[in-house]
Every structure is written in C-alpha cells, then in structure tokens.
Amino acid sequence: MLIHPKNQSVALRKKQSLSCPLPFFSIPIFLKKKMRVSSCPAAALTSSIAASGLRFPFINLHSSSPSPSPSLSFFCWKRSMSQFPIHSSSASSPSSSSAADYSTMANESVIKPKQHQPWLIVGLGNPGKKYQGTRHNVGFEMVDAIANAEGISMSSVSFRALFGKGFIGNVPVMLAKPQTFMNSSGESVGAIVSYYKIPLKQVLLIYDDLDLPFAKLRLLPKGGHGGHNGMRSVIDHFKGSRDFPRLRVGIGRPPGKMDTINFVLRPFNKQEREELDFTFQHGIDAIRILLLEGFDRSATFVNSARSMEQCS
C-alpha cells in the first residue's frame, strides 16, 4: 500500500513528537559545530545547550518560527526535566517552604528566659565552736538558714570561706561564710568578688548591729562600716567602695555597764533564740524578694515587718 508523501510526512511528525521527550531547537550550523551536536538526541542536545549557557525559544517540531502556544513537546520537556534534581532554594516545594516558614515563626515567637547575673551573699562571723550561737555570729546563722531553706550545700571550702552555690528561684547565688575571723573578713570576700567579677551592687553582706533593737532587720543599699570591724575590712578590700547592699541584724545594746566585747560573744537564751529564728525566716523572705523583685520591694517588706510579739 502506497502512502502519499504528504501523509507520510504528517505520520512521521506524529511519530517523532510522541517518541521524543524533548523538543528540537533551531540551532545555527556554526553553533552545532561548536557544540559538536549536528544530529543528537534531544536530551543530549538540551544538556549541551544548558552547558553552553545559551537560551532559545521553544520551536514547534520541524518549524522555524517560535510556537505561540504550548505544544505536546513543551509538556514532554517539562516532564523530562522534572527527572533532574534542582538545587535552587527557590525551587523548593510549597509544603517544605511553608514548614520552614512556620518553623522560623515558631523560633521567633519563643521568648528566651531572662539571664540573671549571680549574687554573692556573705554572712560575717567568727569560725570555731567557741563562737557558735553568739550574737557576733548572726551573719553566719542567717546564711545557714538561707542554705537550708534553698537546699544549698555549704560543705566546700573556697577562698578561705565555707562556700556554696545554688539558686533562689531562677537566680544563681553563691553563699559564703569567711573563715578568716571577723576582723579579716575582707580578705576572703574581696577574693571571691575579684575572681567571679561580681558587681558590688549584687554583693549582700549580712552582719550583726548593736545600734538596732534585738531581732530587728534593716536593709540598706549602701553605707559605711558603722564601727563594725568586719565591714571595715570588707570596704578596705573593695578599694574603699561602700556602694553595696547590706542586711543588718539587730542584737541590741549590752545591759547596764557590760563590756561590748563580752556582750557580742555571749550566746542567746531560749526566748531570744525563738525570736531570732522568727527573724531569720523573715530575712529569708526579704532576700528572695531582693533577688527576684528588686531592692525597693525588699526594703519595703523589711521596714514594714512586725516583730514576733506583734504577730502573736
């Protein structure tokens, strides 16, 4: 059976368009020679063109003019090119792009917890059993009360002090009880502050005060030593700076003509001990407020406090 040449040409075009996954392009002869692709499969031709960095319009099969509309060859070309991996970030799928966007938004929406600088809380006193439970050691006892309430171990020895680290709420704290004897307390405290680079505004000194009524607390942002030898030593090792907070614990004045030294080294009686324990609990609450809410609120809390007799 003979096929008319025109019909034969049409059939050949259909056969080629269906069997070829990529369209042919109209390539100048000199370029064909340059790329060495005078007659090559469509996939190899496309690779050569892509490697050369040249771009050509899509051409209908066996046509010298650009195709005005997508043809079967165009869709075959898209389907074939989808087999090649695309490394461009802009070619990512909508789902992965959306997931990345949501992940970025989630990370940005997370509120990072506030970072707190550590506090150093120092109680002043004298080491040894001879001085345990005496008025001059109420600074030591207050630190012990804080350590017990917050679960902080004070078993290590560093910088010539009984030393412990922990947290009050989410604020890191260091507790210290210098073992240098009262009059040389600054040697230990100064070394701790220097090593950890703690700002003086976050160094709290706790000590006994003869000028306050017994079991009375007073929180101050700064001040002098008031004749207290332990505080005098600390200020000297802070290079004369007095700008650090202090919590004073009242021990009252000696009765009659009792010598001051004998008075501060005298232990508490049973009634005084009960009242002092009540004061220590109040002091723990004041320190928590100081670290978590600020000095002003803590000072208001301390100054408006009532004694154990007023609460009973």
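User: What makes a contact here?
Analyst: Contact means heavy atoms within 4.5 Å. The model is predicted. In its protein chain, take the contacts with a separation of 6 or more: residues 24 or more positions apart account for 67% of them.

User: Which secondary structure does the chain have?
Analyst: The protein chain comes to 12 helices and seven strands.

User: Why is G123 called buried?
Analyst: Buried means under 20% relative accessible area. G123 has 0% relative accessibility, so G123 counts as buried. G123 lies in strand β1, residues 119-123.

User: Which residues does G123 touch, leaving out those up to four places away in sequence?
Analyst: G123 touches G139, F140, V143, A176, K177, P178 and I206. Take P178: G123 and P178 are 55 residues apart in sequence. In space they are 7.6 Å apart, C-alpha to C-alpha.

User: Is S233 buried or exposed, and how do you know?
Analyst: The cut-off for buried is under 20% relative accessible area, and exposed is over 50%. S233 has a relative accessible area of 8%, so S233 is buried. S233 lies in helix α8, residues 229-237.

User: Which residues are in contact with S233, leaving aside neighbours within four places in sequence?
Analyst: They are N183, S184, S185, G186 and E187.

User: What describes the packing of two helices?
Analyst: Two values do: the angle between their axes and the distance between the axes. For helix α6 (residues 138-150) and helix α10 (residues 270-293), the angle is about 60 degrees and the axes are 10 Å apart.

User: Why are α6 and α10 called oblique or otherwise?
Analyst: Under 35 degrees counts as roughly parallel, and 65 to 115 as roughly perpendicular. The angle of α6 and α10 is about 60 degrees. Therefore α6 and α10 are oblique to each other.

User: Is the crossing of α6 and α10 left-handed or right-handed?
Analyst: α6 passes α10 in a right-handed crossing. On the α6 side, the contact is made by V138, E141, M142, A145, I146, A149 and E150. On the α10 side are R273, L276, T279, F280, G283, I284, I287 and R288.

User: What classes of residue form the contact of α6 with α10?
Analyst: Nine are nonpolar, two polar and four charged. Gly counts as polar, and G283 of α10 is one of the contact residues.

User: How much of the protein chain is buried?
Analyst: Buried residues make up 37% of the 312 residues.

User: What is the accessible surface of the protein chain?
Analyst: The accessible surface comes to about 19000 Å². Carbon and sulfur atoms hold 56% of that surface.

Terms used:
Residues numbered from 1 in each chain as written. Predicted model: local features only at pLDDT ≥ 70, side-chain atom pairs only at ≥ 80, totals over all residues. Heavy atoms only, no water. Helix = DSSP H or I, 4+ residues; strand = E, 2+ residues; numbered from the N terminus. Buried < 20%, exposed > 50% of the residue type's maximum accessible area, 1.4 Å probe, protein only. Axes fitted to C-alpha atoms, helices over the stretch in contact; angles between N-to-C directions. Parallel < 35°, antiparallel > 145°, perpendicular 65-115°, else oblique. Left-handed = near helix turned anticlockwise from the far one by under 90°. Areas by Shrake-Rupley, 256 points an atom, 1.4 Å probe, with all protein chains shown as cover.
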